[in-house]
Amino acid sequence: EGDMWMIAPYSSRGTQSYIAISLGGRDNDCWYVDTDGPKVLAAIADVSSHFNINPRKIYLGGYSSGGDMTYRVGLQNASLFAGLLVENSDPFKDTGVTQEELIASASWKINIAHLAHLSDDAYPIEDVRAGLDTLTANGFPVTRIEKVGSHYDPDNGSSGTDYDLIHFLLPFLDAGWESPRSP
């Protein structure tokens, strides 16, 4: 529930160009990619059955273990998504599959925007850079955003974990990315 306030900020909710959903069930806990991934797909299918959603403009995003799940679900079901938006995570750590398997499972070179904080002790920047380099070397269009900060930093005006999500990742929702899937 708390994530909803970040992905659909109250101040811009009236003019935002998207419908946002946030899954519950792991509040103050980490996501489990093997069991929680199907919940993501079911939630998207449910919302899509009730609203007029352009199936070529569905994005998947996540922070920390939610980013682990975003990479796993997003690459294994790439045809369903226009892009992946990830903060403070790693493309391959804790996805439950190998780099090779995850890359090979993607049906297209999906768009990725990845925001990393330079002093994140949960996802060290050297490992994140190596993972993003691997995606880039395999043809994925990766936008890499690096900011000063740790795994979680409270907002303080013009920086912080939530601030960075709102100001550096959410704008990609209007980047014009589309999945190759037919509507």
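Helices are DSSP runs of H or I with at least four residues, strands are runs of E with at least two, and both are numbered from the N terminus. This is a predicted model, in which local features need pLDDT of at least 70 and side-chain atom pairs count only at pLDDT 80 or more, while totals for chains, interfaces and linings use all residues. Residues are numbered from 1 along each chain as its sequence is written, and side-chain values use heavy atoms, with hydrogens and water left out.

Buried (under 20%; partly exposed lies in between) are Ile125, Val128, Gly131, Leu132 and Leu135 of α5. These residues lie on the same side of α5 because they cover an arc of only 125 degrees around the axis, taken from the directions from the helix axis to the C-beta atoms. Their cover includes α3, α4, β3 and β4 (142-147). Just after α5, Gly139 has a positive phi of about 90 degrees.

## The nonpolar cores

A nonpolar core is a set of buried Ala, Val, Leu, Ile, Met, Phe, Trp, Tyr and Cys residues joined through side-chain atoms within 4.5 Å. The largest has 29 residues, of which Tyr71, Leu75, Ile110, Leu135 and Phe140 touch the most other members. Elements giving two or more residues to this core include α3 (65-76), β3 (111-117) and α5 (125-137). Apart from this core lies another, of 13 residues, including Tyr18 and Phe172.

Notes. Buried < 20%, exposed > 50% of the residue type's maximum accessible area, 1.4 Å probe, protein only. Contact = heavy atoms within 4.5 Å.
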